[in-house]
Each structure stands twice: as structure tokens, then as C-alpha cells.
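Student: I would like to go through the labels used for this model and ask what backs each one. Can we take them one at a time?

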Amino acid sequence: MNKYFEHFMKYQKIYLTLLALIILITPTFINLFIGKPLLSGSESYYNLQQAKTLTHENFDYFPLSLTLKLLPADYLFVIPLTLALISLFLIFVITEGTKIRKDFKFFFLLFVILSPVFIYTFTTISQNSYLIFLIILGFYFLTRKNSVLRYLSIIPFIVSSFFDIISTMLVILSLLVHIYLIKKRRKIVLINLIFILISSLINIIFLGQTFFPMQFHQQNFLTGLLADLGGVHGVSFFVFLLAIIGLTITWKKKYFSISYLFLLVLIPACIFNSELAFLVSILLTFFATVAFVFFLNKKWDLENIKRFTYFILLLGILFSTISYLDRFSENYPLNGHEETLSWISENTPVGTIILSSSENVHYLNYFTDGKPFHLLYKDQAYTDENYAKITTATHINTLENLLNVHKIELIYVTPDMKQVLPADYGILVLLQNENFKLVHSHNEFEVWVYLPNIV
Amino acid sequence: MDSKKWLITIFIFTILLRLILAFSSPNFTYDSYFHLRQVEHIRETGLPIYNDELSYGGRTFQFLPFFHYIMAFFTIFLPLELVAKLIPNFLLASLTIIVFLISKKITNNKTASLLSAFIVGLLPILYSTNSFSTESLFLPLAFLAIYAFLNLEKKRFQYLYIITFLLLSLTSSATLFLLIGFAIYLLLSFLENKKPARSESELMFFSLIFFIWMQFLFFKDFLIIEGIGFVWQNIPTQIIQNYFPNFSVIEAIIFVSVIPFLAGIFVVYRSLFQAKNYKAFLLISFVISTSILTWLRLIQFKVSLAFFGVILAILFSIFYEELFHFFSRTKISHLQRNVAIIVASILFLTMIFPAIAVSNNQEIPSNEDITAFKWLNQNIPENSKVAVILDEGHLLTYYGKRLNVMDDNFNLIDNVEERFVELNSIFTTPLQTHAVDLFDKYGITHIMFSNKAKERFEHTNFKFITVDCYERLYKEGAKIYEVKCSLIEEENE
């Protein structure tokens with residue numbers, strides 16, 4: 001092992017924490033530099049809106065609601081950042097004194113930190129960042145020698161069952177794996193399991209908890225997993241490739257067979273709900289690390305080729321990270337959103353029904369007092385069908401009828417709509433009619449008001 | 001004569017034949033003009049045209065530039081059009097030497113290897129002698145990499161493999177076939193309980209990582225925008241048949257020649273099921289790999305068939321060796337000495353005519369059309385956009401130096417199918433309003449009906465031409481008009 005490598009292994013806590021800090025702060029700096037809202041992602045604004053309108057149905061948003069009262073929304077980026085750093089610290093503490101090899105721990109955490117999925121999760125106010133933090137915190141308490149602390153693990157595990165059924169299933173699975181592998185502290189784990197099950201039942205019966213998490217991105221399975229193909233919750237293609245090799249390596253080793261359980265649950269679930277790509281990505285990173293460390297510790301005939309291959313691998317993984325950070329400035333909301341939505345908030349009455357693309361729903365909901373068309377009806381299929389009818393209407397009378405039926409008063413046109421909607425027919429063309437007036441615009445963002453009685 | 005002299009004779013014969021055929025027409029195949037323009041630009045500026053202001057009226061396009069840089073280097077000493085004729089033919093003729101070396105490595109039989117070299121020298125599918133494309137560099141490099149891979153036990157060949165693979169990764173994305181071939185080779189070895197040498201596995205892993213990295217470096221933006229669909233190059237379904245025609249055995253037999261084809265099938269069967277010839281396993285893996293990639297429409301049918309043909313030529317050496325041994329066990333063993341001459345004569349007679357026919361049937365623009373494109377460069381305003389048929393898109397940007405509506409680099413182009421249909425409809429519609437509508441839509445200022453368009457659409461001119469809307473500017477052979485009408489202008493008036 002060369003001396004640099006040994007140095008990194010020895011001081012991995014410092015280096016990895018610093019790296020995580022730099023990587024997670026970079027998007028915020030990018031946003032600050034280009035004048036965008038510091039918080040990105042539709043999910044962040046959905047959660048903030050929920051925290052703003054706290055009721056008995058969403059009382060689990062109480063901590064966020066409290067924070068929102070103490071800090072302006074723009075500064076809330078510190079929450080995921082703190083969660084990430086604490087999670088990292090707890091992982092170091094939990095794994096101390098275990099049989100997990102230093103190099104395995106180093107590369108696993110390095111790949112996780114460099115993965116686009118980590119950057120996305122811990123720079124947005126997202127369910128996944130809380131879930132990961134709570135699970136790690138739970139295991140931290142569970143692995144302490146002090147029995148009081150061990151019992152404290154019940155709290156984070158119970159809270160983690162408040163998200164959705166699939167997340168609860170994964171928490172239960174993690175605890176079962178713990179029993180299977182560690183063969184210690186069975187009693188407290190069993191107590192945890194009982195509490196989680198009770199909490200989960202309450203959530204399902206009384207709070208109508210859903211099976212899958214709420215979807216904020218519509219991506220197909222493969223694209224969702226690969227950040228290099230534009231996946232939001234994805235990993236680098238090299239990590240994906242290494243994970244496949246890792247799977248073939250672990251196939252023969254009984255010790256790892258338990259990890260396939262997670263794959264069996266997560267992969268089919270991920271096909272139905274792309275938000276779960278986050279958890280699949282973490283699992284893929286684990287298998288990728290297995291392959292990486294396996295080849296690293298293996299003697300190669302061609303030592304120079306080994307060094308060069310590893311150099312390219314690390315460059316490739318880093319390349320995905322940089323490429324993702326480079327794209328981060330394009331993530332919604334842009335400064336155009338903030339400017340135009342603030343204008344809407346100041347200049348339109350409360351409850352105005354606003355038509356825009358589904359990508360803008362949570363921004364509209366958070367920044368304005370209007371009502372996005374996509375949240376008017378509970379039937380999602382009905383909403384989508386009518387949105388398609390409105391945006392592709394070829395005749396002004398058809399469009400007006402639809403707008404009247406749904407009582408739409410404002411149309412909010414964003415760059416993504418201009419890219420997706422037809423340019424030579426449909427709403428973008430019909431907006432030029434005298435019954436519509438462009439009342440405000442900023443960059444590529446336009447606010448049109450519908451004036452039904454003009455003609 | 002010893003084998004070295006024979007090999008030189010085969011090489012010289014091949015290069016002479018190729019050059020005679022190449023110089024019998026002064027022009028190049030349609031797709032060559034894209035590469036000619038790139039090489040010319042590299043020679044002038046040192047950089048390829050990634051932001052092309054002429055293609056599709058202005059677009060960004062990324063490609064692997066090694067071939068163009070190599071050719072640009074030769075243009076320091078020779079004129080571009082001479083380089084474009086000489087170097088690709090020289091490179092493809094060099095396949096005779098590489099194939100000889102590979103065959104010799106596999107069979108250790110010089111006569112068999114010479115026959116393989118002879119086959120590859122006359123392989124009809126390689127006789128697009130007027131084509132200036134990356135395949136002319138890709139094929140020799142790929143087989144050089146295979147040769148180096150077969151000799152990995154020697155250190156210098158390890159370096160040779162690494163260098164050739166690096167260059168291949170910078171030349172063409174079709175290098176993927178090598179990686180898939182390696183994977184199949186590993187699978188076959190696993191099925192036969194044969195463990196590949198450690199150095200082999202290590203180089204395979206290195207190749208995989210390096211290739212992917214290189215592709216990500218060059219095509220990062222395309223992958224993010226188009227996702228996995230990028231690998232299918234956004235080719236319009238109407239013309240996908242030209243790029244990836246369904247596999248036709250008869251067509252394949254014609255292009256790779258009957259005897260090597262039959263011999264190849266025999267060798268594959270024997271190697272896989274009877275003789276367990278592990279040396280042939282690697283080559284067979286590449287055949288399977290190219291077939292898979294063609295089936296998945298990831299590499300062009302022509303490239304795949306060229307590969308297939310060269311591998312069959314190599315496999316022929318194994319066939320010949322077995323044939324030779326077979327003769328030695330028969331009563332006509334005294335004729336053994338003449339087997340090579342007889343086989344070579346049969347090969348020559350069955351391959352020379354298809355090779356010449358392939359060369360003569362290349363899709364090359366006529367001199368009249370070329371003159372018309374050159375005329376465009378000097379006689380119409382610089383920012384003019386000219387509607388020409390798809391095949392002539394690169395010809396227009398190379399000679400005419402004017403904006404085209406479409407060419408065959410489809411990646412990252414929105415609504416490419418619609419564009420293709422509408423471009424064709426300009427050449428077929430009798431409706432003036434429809435045509436003018438399209439001219440407005442694409443900003444077309446000039447239209448050209450070339451000799452090629454006459455052949456393609458089986459009529460002699462646009463069907464909507466009227467004197468008041470179109471002024472004929474060029475009257476020799478091809479017809480060039482300036483568009484004077486616009487629906488938008490009429491509305492404004």
C-alpha cells in the first residue's frame with residue numbers, strides 16, 4: 001500500500017467529512033452565485049408547504065414547521081447538511097471496533113459522498129435525508145453499551161415508520177439483518193420491531209399512510225439509477241458497473257447473501273416508484289465497493305495497468321460528481337420562478353386557480369396563495385387528461401370552455417412548458433388571442449391572465 | 001518465394017487494385033464529405049467542428065476525432081483529396097499483413113495464413129474504395145488489438161494492445177464490439193472450464209473501464225439529454241433500414257464471399273463442438289459480439305459485416321490447415337503441394353468480380369452535381385439555406401459551404417422524423433402552398449434538384465415550380481432555384 005493511501009485510511013474521518021462538507025456546500029454556493037433560491041427541488045417546497053400548513057394529518061412536519069419559524073426558508077439548506085454530517089459521524093462511531101475493514105469503509109463512504117444521489121438528498125429538504133439519518137441514529141443507539149441509550153433507539157425507529165410502508169419495511173428488514181449478523185442485543189431489537197409494527201399499523205389505519213413515497217420525479221428505472229443518463233437519484237455509471245461485478249463476487253460468499261434480500265425488495269419497488277432509486281443507489285454503492293476493494297487487494301500480473309485502471313475508475317466517478325454539480329444550476333426553482341411567483345403572490349387574490357405544468361405545482365403552492373390546477377382534483381388521471389386537453393386545444397372556443405369549466409384565471413408559462421408543449425398549435429399559440437393578456441414576464445417565465453368577458 | 005515475399009506481393013497487389021479502383025472516380029461516397037470537412041477544418045484551425053453552423057442550419061455535434069487528426073497530419077505533406085484516397089486504402093490493405101499475423105499465431109501455418117491474407121485483400125465488403133470514413137482506421141486497429149491480445153504473454157504486446165485500444169477508443173464507438181466479444185469469450189471459457197490468463201482478464205477490465213470513460217468524456221451532454229436512447233443515434237425510422245438492414249444471409253454471402261463463408265461455418269462448428277479450438281474461441285466470440293450488436297442496431301450493418309468478413313478470412317486458415325491434413329490422409333496426397341494454388345485460384349476467381357462490382361456500385365455523386373455544389377459556394381449569399389436531399393447534406397456543407405436542412409448526423413436533433421418526411425416532401429409535393437410553408441418553417445432560401453434527386457424520386461424537377469415564385473439560378477444538369485415567395489410575408493403585407 002502506498003504512503004498516500006495509508007495516510008487517507010488513517011485520517012479518513014477528517015478527509016471524508018471535509019469532502020462531504022465541500023460537496024454539499026458547493027450547490028448552495030452555485031445557487032447563491034447565480035441568484036437562485038438556495039433550496040432546490042420540488043420536494044423541498046412540498047415539504048415546506050406542508051410545514052407551513054400544519055394540521056393533525058401532517059403533524060410529523062412539526063419539527064420542520066418549528067425550524068421554519070426560526071430560520072428563513074433560504075437558510076434551511078443547513079438542515080440536510082447537518083443531517084448528512086451527523087449521519088457520517090455516527091457511521092464512524094458505529095463502525096468503530098467492528099470487523100468492517102478500513103479500506104472498505106473508506107471507499108464505501110467515498111463513493112456515497114461522491115454520488116449524485118447523496119448530493120441531491122442532502123441538499124434538499126427530502127424524506128430520504130431524514131429516513132437515512134433516523135435509521136443511522138437508531139443503529140447508533142442500538143449499538144451502545146449503555147442500556148438506557150439502547151432503549152433510546154426506539155424513538156428514531158418509530159419516527160422512521162411515519163414516512164411510508166416500504167420505508168418501514170426496510171427499517172424492519174435492517175433490524176432483522178442486524179439480528180441475523182450480529183446475534184447480540186436480540187431483546188432490544190425485538191422490542192424495536194414490535195414498536196415499529198404498532199406504529200406502522202396506527203399510521204396505516206388512522207393516518208392512511210401510503211405504500212410508496214410521494215413521487216417528485218418521473219423517470220424510468222434505468223435512467224433513474226444512472227446519474228450519467230440524467231437520473232436524479234442515480235449513481236455514476238462506473239459505480240453501476242462495479243456493482244454488477246460486485247454482485248458476481250458476493251454471489252459465492254454466504255456472508256453477503258443477506259444483502260440480496262434488500263435488492264429483492266427494492267428493485268421491484270423501484271420500478272413502480274422512481275423515488276426509491278435513492279435506496280437502490282445506496283445498495284449499488286455497497287456492491288460497487290465490494291468489487292472495488294476486491295480488485296484492489298488482489299495481486300495483478302500487470303501492476304501498471306492496475307494503477308491506471310483504478311485511476312480511471314476514480315476519475316470516472318469524480319467526473320459524474322462534477323458533471324452533476326455542473327447541472328445543479330439548472331435545477332428548479334430558477335430565479336425566474338422566484339421573481340414571477342412573488343409577483344403572482346403580490347398581485348393576485350388568494351385562491352386564484354393557476355394553470356402550469358406539473359413540475360411547477362409545489363413552487364406555485366409554496367410561493368403564491370393561488371391554487372395550482374394540478375391540485376384541484378384528487379383524481380390524478382382526470383387532472384392529467386384535462387391538462388393535456390387544455391394545453392393541446394386547437395381552437396380558442398375549446399380552450400375557453402375548458403378554462404371556464406375549471407375556473408382557471410391565470411396561466412403560468414415556464415421554459416420547460418415551452419420545450420415540451422407544441423409550438424405550432426395548442427395553448428402556446430392560442431395565448432396570442434385577445435382574451436389573454438401577458439401581465440408579467442421575467443426571462444422565459446410568463447404570467448398570462450385569462451379575460452373571459454372581453455369578446 | 002518465402003512467405004514474407006508472398007505477403008508483400010499480396011499487400012502490393014491489394015493496394016494497387018484498391019488504388020486503381022479508387023482513382024477511377026474522382027469523387028467520394030456521400031458520407032465521406034463530412035469527414036473531409038472535419039479534416040479540412042482541423043488542418044486550418046487545429047480543432048474539429050463541434051459547433052457546426054452549417055449542419056441543420058446550426059447545431060452541436062460530438063464525435064471521436066482521432067481518425068480526423070491522423071488524416072489532418074497527412075495533409076501537411078499531401079493535398080487532402082489525395083490523402084483521402086491513399087491513406088484509407090493503404091490502411092485497409094494493411095489488413096492483409098495483420099490477418100496474416102493473426103492466422104499465423106492461430107495455426108502456425110504460413111501457407112494457410114497467406115491464403116487468409118489473400119482473402120482479406122479481396123474481401124468484397126471492404127471494397128468501398130472511395131469511402132473516406134473512420135472504418136478504414138478502425139478495422140486495422142481493431143485487428144491489431146486482437147493480434148496483440150493473442151500475444152499477451154510477451155510484454156511488448158501488452159503495450160501494443162494498450163496503445164491500440166486507446167486509439168480505438170478515440171476512433172469509433174464500435175470498439176464496444178471488442179468488449180462484448182471479451183465478455184462472450186469469458187463466458188465460453190467458463191462453459192469449457194477453461195480459466196483465462198490473469199493478464200487477459202486484467203486487460204479486459206482495463207479496456208472496459210477506459211472505453212466507458214472515454215465515451216462519457218466525449219458524449220456526456222448527449223447522454224444526459226437523450227438518455228440511453230443516445231446509443232441508437234436518433235435515426236429516423238424511415239431510413240433505419242439503410243443503417244441496420246435486417247440480416248440477410250444471401251447478402252452476407254455476397255459481401256464476404258462464398259468460400260470463406262462456408263469454411264467459416266465449418267470452422268465455427270468444429271471449434272465449438274468437436275475440436276474445442278480455444279484459439280478460435282476469441283474470434284468466434286467477436287463474431288457473436290458483432291452479430292449481437294448488429295441485431296441490437298448498435299453498429300451499422302456494413303461495419304459488422306466487414307468485421308465478420310475479416311474474421312472469416314482468419315478462420316479460413318484453420319479450415320485450410322484441416323483440409324491440408326485431410327489431403328495427406330487420402331490417396332491423392334501427392335497433390336498436396338498444389339492445394340494452395342488451387343484454393344488461391346478458386347478464391348481469386350470467386351472474389352475479384354464481387355470486389356470490383358462493389359467498388360463500381362458505390363454511391364458517389366456525379367461530377368455535374370459536384371460542380372453545382374461548388375457553384376453554390378460562389379454564387380449565393382453566405383447565410384443561405386439550401387434544401388438538398390438527405391444524402392447530399394454533407395456535400396452541400398463541404399463544397400457549397402451553405403446551411404443544410406438535414407444530414408445524416410441525427411443525434412440531438414428534435415423531431416428528426418418529421419424533418420425527414422418534410423424534406424422529402426419538398427422533392428415530391430405538387431402543392432406550392434405546402435412547399436412554401438416548409439420553406440418558411442425551415443428558413444429555406446434556395447432549393448436544388450440534383451442528378452441524385454432525379455434518380456431517387458424518378459422525376460426531373462420539383463413539381464411545384466412557378467416562374468413568379470422561383471428563379472432558376474443554375475441550369476447545367478442540376479437545377480438550383482432561389483425561393484422568392486413566403487406565406488409569412490404575404491400575411492404581413
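Student: Why is the pair B:Arg37 and B:Asp52 called a salt bridge?

Tutor: This is a predicted model, so the distance is a computed one. The closest N and O atoms of B:Arg37 and B:Asp52 are 2.8 Å apart. The cut-off is 4 Å between a side-chain nitrogen of Lys or Arg and a carboxyl oxygen of Asp or Glu, so the label applies.

Student: What does the pair of B:Arg37 and B:Asp52 tie together?

Tutor: B:Arg37 lies in helix H2 (residues 32-45) of chain B, and B:Asp52 in strand S1 (residues 51-52) of chain B, so the pair ties together parts that are 15 residues apart in sequence. Over all chains, the rule counts 14 salt bridges.

Student: How many salt bridges does the rule find across the interface of chain B and chain A?

Tutor: The rule finds one. A:Asp301 pairs with B:Arg198, with 3.6 Å between the closest N and O atoms. The limit is 4 Å, so this pair also qualifies. Three residue pairs across the interface are in polar contact, both residues being at pLDDT 80 or more.

Student: Which helices of chain B each supply at least two residues of the side that touches chain A?

Tutor: Helix H8 (155-171) and helix H10 (198-226) of chain B do. H10(B) gives the most, with 16 residues.

Student: What makes up the side of chain B that touches chain A, by class?

Tutor: That side has 15 nonpolar, three polar and three charged residues. In the contact count, 21 residues of chain B meet 26 residues of chain A. The two chains bury about 2,300 Å² between them, 80% of it on carbon and sulfur atoms.

Student: Why do strand S6 and strand S7 of chain B count as paired?

Tutor: Strand S6 (residues 470-474) and strand S7 (residues 479-483) of chain B share four bridges, in the antiparallel sense. At least two bridges are needed, so the strands pair. B:Tyr470 stands opposite B:Val483, and B:Glu471 has B:Glu482 as its bridge partner. The hairpin has four residues between the strands, and B:Gly477 in it takes a positive phi near 75°.

Student: What makes S6 of chain B an edge strand?

Tutor: The sheet of chain B is open, with five strands in the order S4-S3-S5-S7-S6 and mixed pairing. S6 and strand S4 (403-404) of chain B each pair on one side only.

Student: How do you know that S1 and S3 of chain A pair?

Tutor: Strand S1 (residues 353-355) and strand S3 (residues 410-413) of chain A run parallel and are joined by two bridges. A:Leu355 stands opposite A:Ile411 in S3(A). These strands belong to an open, mixed sheet in the order S2-S1-S3-S5-S4.

Student: How do you know that the peptide bond from A:Tyr332 to A:Pro333 is cis?

Tutor: Its omega is near 0°. A:Pro333 lies in the loop between helix H17 (303-327) and helix H18 (335-347) of chain A.

Conventions: Residues numbered from 1 in each chain as written. Chains lettered and ligands numbered in written order. Predicted model: local features only at pLDDT ≥ 70, side-chain atom pairs only at ≥ 80, totals over all residues. Heavy atoms only, no water. Contact = heavy atoms within 4.5 Å. Buried area = accessible area lost by both parts, 1.4 Å probe. Polar contact = N/O pair within 3.5 Å; in protein donor to acceptor, adjacent residues only side chain to side chain. Nonpolar A, V, L, I, M, F, W, Y, C, P; charged D, E, K, R; others polar.
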